[in-house]
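Me: I'd like to learn how to read a structure like this one. Can you walk me through it?

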Amino acid sequence: MAHRIAAIAGDGIGTEVMPEGLRVLEAAAKRFGIELEVEHFDFASCDYYLEHGQMLPDDWFDTLSSFDAIFFGAVGWPEKVPDHISLWGSLLQFRRAFDQYINLRPCRLMPGIKSPLADRQPGDIDFYVVRENTEGEYSSVGGKMFEGTEREVVIQDTVMTRVGIDRVLKYAFELASKRPRHSLTSATKSNGISITMPYWDERVKAMAKHYPDITVDQFHIDILTANFVLHPDWFDVVVASNLFGDILSDLGPACTGTIGVAPSANINPEGKYPSLFEPVHGSAPDIAGKGIANPIGQIWCGAMMLEHLGHEEASKAIVNAIEHVLAAGPEQAPLTPDLKGQGTTQTLGKAIAEALES
Ligand code: ATP
Ligand code: MG
């Protein structure tokens, strides 16, 4: 049966990298005999908002629910629409409504890309950050008292639930058990945050009992961020709460060079709702319209989407094709300017599609 994909390009370079993501996805589908049915939507973009006064049509939930996955470009154009409207009105709605409680980011140093960390080679940095995506520090529970007076008080609570923690831990342990190193790192701050974080640690210990062959490390977030920079080779699967995961999932890809290459996924593991695959980068207004955006983040997202849909071999083939083209270097391959090359979004997309076909 065909997989139905909702393609939402969004804003800025989202509209430029999306066609290249689809080009490579379709090449992979053809090679591996996978049937994909792609439908395009113009909502969740600032132009849609300027025309309709909202980011999404009223029936967006029903419309998107019927798809197997959402392939997303980038949203936001602060000069036209403030970020809190564009983001809250689109991606964050999807995350909640579709219970995408896992945010997954691979952090892998690719061949031909220079890490900002000295002397790091491909193979030294190859781990996943698994971020809890629906509760924790971002629960919007709290309030203000004595507003406008000198006695002003603001309170914001962290809400963690046993179900919420256990399901993200289970996902992370499962991921770790599929990786060769069988290692999992949990990030907390139990020496400072005295109720929620020790509870998270407790749940990690309870979950670890079901996975005796996985080595578990528990780090405080402060020293963990230091070790991302000093010893990125220590890590395999890193699991963290919403806030800590947010920080780690920016720091991780930053250690692997250009922002244009990194992918991410917002996943509903049960498949009850569609999961969403989007590059780590934003709409990049500064380079939009120039045709020079790096499409690899979007293309790699396609690989993550295929893996999620059960096509591991096709997914690996896309990642191999990306690595093959990157390894050729800016002299031989049409790499984009952020990779010191002379290529364009399109020529790089085509080169990766060709590498996949050959
Ligand atoms: P957001 O808030 O949506 O995450 P942002 O403004 O924080 O967006 P980006 O839009 O990702 O960040 O842009 C950050 C910088 O990285 C910009 O200078 C942009 O040109 C560059 N950049 C982002 N994506 C790419 C890409 N695909 N190829 C090349 N450069 C990129
Ligand atoms: Mg930003």
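This is a predicted model: local features need pLDDT of at least 70, side-chain atom pairs count only at pLDDT 80 or more; totals for chains, interfaces and linings use all residues.

Me: Which residues of helix α8 are buried?

Reply: First, the general idea: an α-helix has 3.6 residues a turn, so residues three or four places apart point the same way. In α8 (residues 221–230), I221, L224 and F228 are buried. Looking down the axis of α8, you'd find its buried residues within an arc of 55°, so they line one face of the helix.

Me: And which exposed residues sit on the face of α8 turned away from the buried side?

Reply: That face carries D222, I223, A226, V229 and L230.

Me: What do the buried residues of α8 pack against?

Reply: They pack against strands β8 and β9 and helix α9 (242–254).

Me: Now the sheet. What is the order of its strands?

Reply: In general, strands of a sheet pair through backbone hydrogen bonds, either parallel or antiparallel. Here you have an open sheet of ten strands with mixed pairing, in the order β2-β1-β3-β12-β11-β4-β5-β10-β8-β9. β2 (36–41) and β9 (215–220) are the edge strands; each has a single partner, so one side of each is left without a neighbour in the sheet. On average, neighbouring strands are turned by 20° against each other, direction ignored.

Me: How do β4 and β11 run, parallel or antiparallel?

Reply: Antiparallel: three bridges join β4 (residues 102–108) to β11 (residues 263–267). Within that pair, N103 stands opposite N266 in β11. Helix α6 (residues 162–178) packs on the sheet, where it touches β4, β5 (126–132), β8 (183–188) and β10 (237–240). The direction of α6 makes about 165° with that of β5.

Me: Back to β2 for a moment. Is E37 buried or exposed?

Reply: E37, which is in β2, has 11 other C-beta atoms within 10 Å, so count E37 as exposed. Leaving out residues up to four places away in sequence, E37 touches A2, H3, R4 and I5.

Me: What about R96: buried or exposed?

Reply: R96 is in helix α5 (residues 91–97), and counts as exposed because R96 has 12 C-beta neighbours inside 10 Å. R96 and N133 are 37 residues apart in sequence, with 8.7 Å between their C-alpha atoms.

Me: Last one: how many residues surround ligand 1?

Reply: Ligand 1 is surrounded by 15 residues, the closest being G260, H281, G282, A284 and N294. By class, that shell has six nonpolar, seven polar and two charged residues.

How values were computed
Residues are numbered from 1 along each chain as its sequence is written. Chains are lettered from A and ligands numbered from 1 in the order in which they are written. Helices (H or I, at least four residues) and strands (E, at least two) are DSSP runs, numbered from the N terminus. A residue is buried if 20 or more other C-beta atoms lie within 10 Å of its own, exposed if 12 or fewer, and partly exposed in between; C-beta atoms are placed from the backbone. Two strands pair if DSSP finds at least two bridges between them. Axes are lines fitted to C-alpha atoms, for helices over the stretch in contact, and angles run from 0 to 180 degrees between N-to-C directions. Two residues are in contact if their C-beta atoms, placed from the backbone, lie within 7 Å. A residue is near a molecule or strand if its C-beta atom, placed from the backbone, lies within 6 Å of it. Ala, Val, Leu, Ile, Met, Phe, Trp, Tyr, Cys and Pro count as nonpolar, Asp, Glu, Lys and Arg as charged, and the others, Gly among them, as polar. The arc is that of the directions from the helix axis to the C-beta atoms.
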